[in-house]
Amino acid sequence: ATPPSFRVARVHEDATHAHNELISCVGQRGDSYITGGWDGTVRTWKWDPHTGLSGGAPMTGQHNDNVEFLSVDDRASSDEHIAVSGGRDCTVRVWDVKKRTQRSRIYAFENIASGCVDWPSSTVAVGSRGGVVALWDLEAGVKKCALRGHDGEVTSMCTYDWSEGGATLFVSGGADGTVRVWDARQHVAVATMHDHRRRVYAVCAGPRGVIFAGDFSSTVKAHSLANPNAPPTQLPNVPGVDGCEAPIAGLQFAKLDGMHGGGLLLSTAAYFPLNDDEQSDDDDAPQGCVHVRAVDATGAGMGPMEGTSSDGYMYTLKGIEGLLTC
């Protein structure tokens, strides 16, 4: 498929409001974007299709170490513009984005490596470097429970709306190469999924009953919650361009009407140019890119015609030099 026209808005590292360390997470609501970085700051941006990207000023107050996750309340029913961040300084911070101030802070007693928020229940789940997933009440600032099972750092997290009895599942990926699905009501992992290469860098809720996972390989794994012990469906993550294996650090699924439960899966990758005729050493640097593919209700790739098989690959959006981190 021919990729749609798009613009790349680049903030140069020497710009006044640029992060001066790696950008580890990003959130979005409408035309407002929020980024968190290893410089400890949380910054806000505005996107305008005519003038491009603007802003970048940090929130009042900041983390004392790396920011590792960020979640924005994007519910249409919410009048407030609230964001939550967590970092290696052992804190979870709640931000009033409109006022650009810190609203509250929770000290989690452990280095936070990842996290996510279930906004309807005001519950934040944080994954620690020690392998524990802890659930906290955002409003009261108290710990609900600690979920143990990972052997090593919890590297990624997301929520999964099961929509049965109001249940929200929490999904975590770890440095131990496993993906675990937690039911907060039972305080246990209801599913553990394997078959990943090295650590799991990203997890993402897919179509109903499907969890996508990104590891250090050339394929995105699609797991079935109905049969978690089955080998996952593997979706090639380097089609259409020359490439080699790199961490799949970002995954996003968008359900679309008319696709019978399926939608579009976006995954980060790295494009490694072949430079037989080039002389510059910079030409050997990897280029971050995003692959876009169509997937059906089972998480498998969709062909161009209904009922046909394919890996679902549609097109690649090429970014800038360097690996994409989120």
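A salt bridge is a side-chain nitrogen of Lys or Arg within 4 Å of a carboxyl oxygen of Asp or Glu. The model is predicted, so local features need pLDDT of at least 70 and side-chain atom pairs count only at pLDDT 80 or more, while totals for chains, interfaces and linings use all residues. Residues are numbered from 1 along each chain as its sequence is written, and side-chain values use heavy atoms, with hydrogens and water left out.

**Exercise 1.** Find what Arg88 and Glu68 form, and say which parts they tie together.

*Solution.* 
- Step 1: Arg88 and Glu68 form a salt bridge, at 2.8 Å from N to O.
- Step 2: Arg88 lies in the loop between strands S6 (82–87) and S7 (91–96), and Glu68 in strand S5 (67–72), so the pair ties together parts 20 residues apart in sequence. Strands here are DSSP E runs of at least two residues, numbered from the N terminus.

**Exercise 2.** Decide whether Arg88 and Glu68 are buried or exposed.

*Solution.* 
- Step 1: Take the cut-offs: buried is under 20% relative accessible area, exposed over 50%, partly exposed in between (1.4 Å probe, protein chains only).
- Step 2: Arg88 has 15% relative accessibility and counts as buried; Glu68, at 14%, is buried too.

Conventions
Helices (H or I, at least four residues) and strands (E, at least two) are DSSP runs, numbered from the N terminus.
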